[in-house]
Each structure stands twice: as structure tokens, then as C-alpha cells.
Amino acid sequence: NYHHRHQSHIYPLFPGLEITKENNPILFDAIKTAVEKRLVVGMTSQTGWSYAHMANIYARLEDGDRALECLELLCRSCVGPNLFTYHNDWRSQGLSMFWGHGSQPPFQIDANFGLVAAVLEMLVFSTPGMIKLLPALPKSWKKGEIYGVLCRGGIEVDIQWDMGNNQIKTAFTSSSPQRIVVKFPGTPVSIIRESKDIEIADSNYGPNYRELELPAYRKIELIINLDETSL
């Protein structure tokens, strides 16, 4: 039913980890097509929680502008003055979400949690052995910072970005020695290491990826300058 908002068949992409662009590009593209087919009626069939769900799906599809569109629609039409998220938007409710029938629409905490989760997914994706930095960064989020993101594999990540200058500063702190693949939002033209003994190698995944050797319990800081044409 292409007109319905439920996306259960997208589970292997989100919230599951079975399908990524790297491990199964064919099914990844098929999921992208399936999501587009669900939008034959635009966003009019979405509710509070499903806007958040769609934002997370678009984050995993590395489409930051679409993810942000979902969050903006959610915040504009399904969020009350107390920042609680509600199920429906009848367009005549306004920010108070009053139905006009003496009652409020049902509160949905999953949309509140989903909103926060989507922002995290837009800024960092992780699976054991791989971390993607700013995988779904909207064009309008040109500058920002986030600290202490706990990633799968026991790695804590900090990111500062300034896309106006095509530069990212990042730090990794791993709870165990391990080698990981890092994906950047563009192709690095230079990577400056604070610690010269840290090994950085090319990756078979392509020019936007690098392999990084992480020691245990030591903060590894990098400054990455990106090729503007690759962004």
C-alpha cells in the first residue's frame, strides 16, 4: 500500500543494521526506491512518530535535506508548546494542537525520542568496524559541533565541522585497540594527525573512506580538509 505511512519493510536499513550502502549496494538502492514509492501522496499521510521515523530512514539513506524536511514538518505541526510531540496534524490546530473538540491529540514520546535519534543519525552513523562522520548533513547545517557520541564498537566520537571552509575536526576514543573504517562527507585532501604514530590508510570502499588504527583509551584527534568538489 504505497499510500500508507508504515515502513516495516525498511527494517533492515533502519532501525536494523543488516543493509548498508557498503555491504549491499543493490538492496540499499532498492530500499531507496521503496521509500520513494511511499511518497506518492507526499508527506500528507505522515503523523508525529512517522515524521521522526522517516527522518531516521533518510539519515540512513544519507539524504540530509530530506531528513531535515521531516524534522521541520514535525516541529512545525506536531509539537506542542511544551515540546511534546503529538500524533496528528490537522493543520488548523496551530502550535497549541487544539482539535476544537475539547481535547488534545494523543501524546507520542516515540516521536520525541525519534527526533533526537534522527539528529544523531544525521551526524554520526556507526556499526562495528565502521563510523561515518556527518553522513546526512543538510546543506543548511554548515557549521556545528557535537561531543561524546557513543558509537557501536565502544568508540566515543567528537566532531566539529565548518563546511564553509571544507574542514572537519574529529576525535576518537576507543575502549579497545581496533582498526576501523571512517567515512568522511567528502574526499580528504589532507588529514593532519596530532599523533604521528597513528596509522591512516586508504580503503577499498573509495576515496571518501580511510582505515584508522585506534589504540585503547587514548584520544586520537584529526583535522580533515575536504575537496570542495566532492561535497
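Me: How does H1 pass H2, left-handed or right-handed?
Reply: A crossing is left-handed if the near helix is turned anticlockwise from the far one by less than a right angle, and right-handed if clockwise. In this predicted model, H1 passes H2 in a left-handed crossing. Helices are DSSP runs of H or I, at least four residues, and strands are runs of E, at least two, numbered from the N terminus.

Me: At what angle do the axes of H1 and H2 cross?
Reply: Axes are lines fitted to C-alpha atoms, for helices over the stretch in contact; angles run from 0 to 180 degrees between N-to-C directions. The axes of H1 (residues 25-37) and H2 (residues 48-60) cross at roughly 145° and come within 11 Å.

Me: Which residues make the contact?
Reply: Contact means heavy atoms within 4.5 Å. H1 gives Phe28, Val35 and Glu36; H2 gives Met54, Ile57, Tyr58 and Arg60. Five are nonpolar, none polar and two charged.

Me: What volume has the largest pocket?
Reply: A pocket is an open set of points on a 1 Å grid over the protein atoms alone, where a 1.4 Å probe fits, with protein on both sides within 12 Å along at least five of seven lines. Here the volume is about 470 Å³.

Me: Which residues lie nearest its centre?
Reply: Lining residues have an atom within 4 Å of a point. There are 21, with Leu134, Leu137, Met163, Pro185 and Leu231 nearest the centre.

Definitions and conventions: Residues numbered from 1 in each chain as written. Predicted model: local features only at pLDDT ≥ 70, side-chain atom pairs only at ≥ 80, totals over all residues. Heavy atoms only, no water. Points joined across faces, edges and corners; volume = space filled by probe spheres on them. Nonpolar A, V, L, I, M, F, W, Y, C, P; charged D, E, K, R; others polar.
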